[in-house]
Amino acid sequence: MKYKAIDSIQDLHNFGEFGGVNPSISDSSTYTFLSAKKMFDTFEGKTEGCYLYTRHSSPSNLYLGEALAALEGSEAANVTASGMGAITAVILQICSAGDHIVCSRTVYGGTYAFLKNLLPKFGIQTSFVDITKLDSLAHTIQSNTKMIFCEAVSNPLLEVADLRGLAKIAENTNIPLVVDNTFSPLSITPVKIGADVVIQSLTKFINGMSDGVAGAICASKDFCLELKDVNAGAGMLLGSTLDSQRAAAILKNMRTLHIRMQKHSSNAMYLAKKFEEIGLKVSYPGLRSHPGHEVMKAQMNPEFGFGGILTLDLEDLDKANALMEAMQHKNLGYLAVSLGFYKTLFSAPGTSTSSEIPIDEQKKMGLSNGLLRISVGLDHDIERTFKSMLECMLALGILPREQMATTAI
Ligand code: PLP
């Protein structure tokens, strides 16, 4: 059998420069040009494959961007210094003073705070809506609405957005649909079902190591270039560029994402079913009882499951805190925010990652202060994990003993 000869720089680059199995890390903040004219043309955005200055782009960031574009099925992707760096750049690129945004009311607390508290200073207003009610959402669109923003699976309530339905509204009104897919990488591919821009906090599942902060914007080539424009690009001018060293590390970690997501999902599904069986108030998109179950089924890539996050509503903050402390004591996970780690992570969002949302609004959206968000880890023996969790609940009186008597553990 004859193999095609490697005959271009592009081929070599795909093999990793100098023959390494991983691309070399670009350890430079600035790049040389052989001619002054080429430097000028690069500033003007007229060259391809030229590097200028790492805040604009770097080979390591480009490799990670290419991998993320392939992951999300977008034409291109830019990487950023954090998920919030991606969200803020996208919003400020698309919206100007006097514009309006329609956003799901259940989004990450930082996103909510940015839209609610910071953007009005720049004359941008947001209507927070129930994303599962497409009819009423359509009525909140105004002549100055410039964006529909949601999370594919929301933080922390795990509401599932009907992305096909939202994409139809977005298309009919000519408004971009921006989807934060941080909770459901691989499980959902929003671009394939109509999203215009997909955002990822790489800090979570995609990196999976809880050792770095990063984000991504997956979109059309034109939009990604616009963000990098030296004169008016929000990515370039707000300065939320990812460091090349971190980009290279994330790219390597991302190579195992497909395996990790399958395990996160199967472990979360196991625990969710068990918690439901014993009568706990559990929410997980993989359960038939979840209001978004059918929507999720209709838009997911089934081989990656329903994701690694579930919530347990203990309806009381003290109980929730006691359970988290007990589970940590038994080494079942860590009392920590964030998600997508090998180890289970749990927190009470009402007093942590969603604390930016005022209490009355938390109540309106159904976020009780006894809600536990659990990012299920990669435990090899999830049955054993469940049994130990039950022991914690029993010891704390979270499960009535009568209920336990009927529960095989
Ligand atoms: N989007 C979601 C859904 C998140 O949960 C988070 C952080 O928790 C972010 C965005 C922000 O990401 P980062 O912390 O990387 O800025």
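Strands E4 (residues 145–151) and E5 run parallel and are joined by 4 bridges; two strands pair if DSSP finds at least two bridges between them. The model is predicted: local features need pLDDT of at least 70, side-chain atom pairs count only at pLDDT 80 or more, and totals for chains, interfaces and linings use all residues. Residues are numbered from 1 along each chain as its sequence is written, and side-chain values use heavy atoms, with hydrogens and water left out.

**Strand E5**
- Glutamate 151 has aspartate 180 in E5 as its bridge partner.
- E5 (residues 177–180) is covered on both faces, with Leu177 and Val179 buried on one side and Val178 and Asp180 buried on the other.
- In a regular strand, side chains alternate between the two faces of the sheet.

**Overall fold**
- The protein has 16 helices and 12 strands, taken as DSSP runs (helices H or I, at least four residues; strands E, at least two) numbered from the N terminus.
- Its radius of gyration is 22 Å, close to the 22 Å from the globule rule for 409 residues, so the protein is as compact as a globular protein of that length. The radius is taken over C-alpha atoms, and the rule is 2.2 Å times the number of residues to the power 0.38.
- The C-alpha trace spans about 80 × 55 × 40 Å along its principal axes.

**Burial and contacts**
- Of the 409 residues, 56% are buried (under 20% relative accessible area, 1.4 Å probe, protein chains only).
- Of contacts (heavy atoms within 4.5 Å) between residues at least 6 apart in sequence, 70% join residues at least 24 apart.

Key
Buried means under 20% relative accessible area, exposed over 50%, partly exposed in between (1.4 Å probe, protein chains only).
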